[in-house]
Amino acid sequence: VFKRDHGIKDILYATDVAKVSVVGAGMLGTPGVAADMFGAFADGNINIQIISTSEISISCLIDERDAEKAVALIHARFLEGADAAQ
């Protein structure tokens, strides 16, 4: 009924995806966080299907098979990079 009433012709969905996010209250005033996240994914040849943002988070929908690799890349980019800077 909803589809017909609102002119929706089709609904597509995927079950083999994962959401990977970076979250932190300090992100709002820190430029380059999104670029770092997207750069980490690019370095790992991970395709981003959807991006969602808020004041304190950036979330990406990626292929489920890339989830562990994506988390490792983000960890290396943000946490190990922060340790090296100290």
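This is a predicted model: local features need pLDDT of at least 70, side-chain atom pairs count only at pLDDT 80 or more; totals for chains, interfaces and linings use all residues.

**Reading the model**

Visitor: How many bridges join strand 2 to strand 3, and which way do the two run?
Guide: Five bridges join them, and the two strands run antiparallel. Strand 3 covers residues 57–63.

Visitor: What is the order of the strands in the sheet?
Guide: The order is 1-3-2, in an open sheet of three strands with antiparallel pairing. Strand 1 (17–23) and strand 2 (48–53) are the edge strands, each pairing on one side only. On average, neighbouring strands of this sheet are turned by 20° against each other, direction ignored.

Visitor: Which helix packs on the sheet?
Guide: Helix 2, residues 33–43, packs on the sheet and touches strand 1, strand 2 and strand 3. The direction of helix 2 makes about 15° with that of strand 3.

Visitor: What does Met37 touch?
Guide: Leaving out residues up to four places away in sequence, Met37 touches Val20, Ser21, Val22, Ile58, Cys60, Ile74 and Phe78. Met37 also belongs to the largest nonpolar core, which has 14 residues. Val22, Met37, Phe41 and Ile62 touch the most other members of that core.

Visitor: Which elements give two or more residues to this core?
Guide: Strand 1, helix 2, strand 3 and helix 3 (67–85) do.

Visitor: New topic. How many salt bridges are there?
Guide: The count comes to two. In one of them, Arg77 pairs with Asp43, and the closest N and O atoms are 2.5 Å apart. Arg77 is in helix 3 and Asp43 is in helix 2, so this pair links distant parts of the chain, 34 residues apart.

Visitor: And is that pair buried or exposed?
Guide: Arg77 is partly exposed, with a relative accessible area of 30%. Asp43 counts as exposed, at 61% relative accessibility.

Visitor: Which side chains meet in a salt bridge at 3.3 Å?
Guide: Those of Asp63 and Arg65, with the distance taken from N to O. Asp63 is buried because its relative accessible area is 18%, and buried means under 20%. Arg65 counts as exposed, at 71%.

Terms used:
Residues are numbered from 1 along each chain as its sequence is written. Side-chain values use heavy atoms; hydrogens and water are left out. Two strands pair if DSSP finds at least two bridges between them. Helices (H or I, at least four residues) and strands (E, at least two) are DSSP runs, numbered from the N terminus. Axes are lines fitted to C-alpha atoms, for helices over the stretch in contact, and angles run from 0 to 180 degrees between N-to-C directions. Contact means heavy atoms within 4.5 Å. A nonpolar core is a set of buried Ala, Val, Leu, Ile, Met, Phe, Trp, Tyr and Cys residues joined through side-chain atoms within 4.5 Å. Buried means under 20% relative accessible area, exposed over 50%, partly exposed in between (1.4 Å probe, protein chains only). A salt bridge is a side-chain nitrogen of Lys or Arg within 4 Å of a carboxyl oxygen of Asp or Glu.
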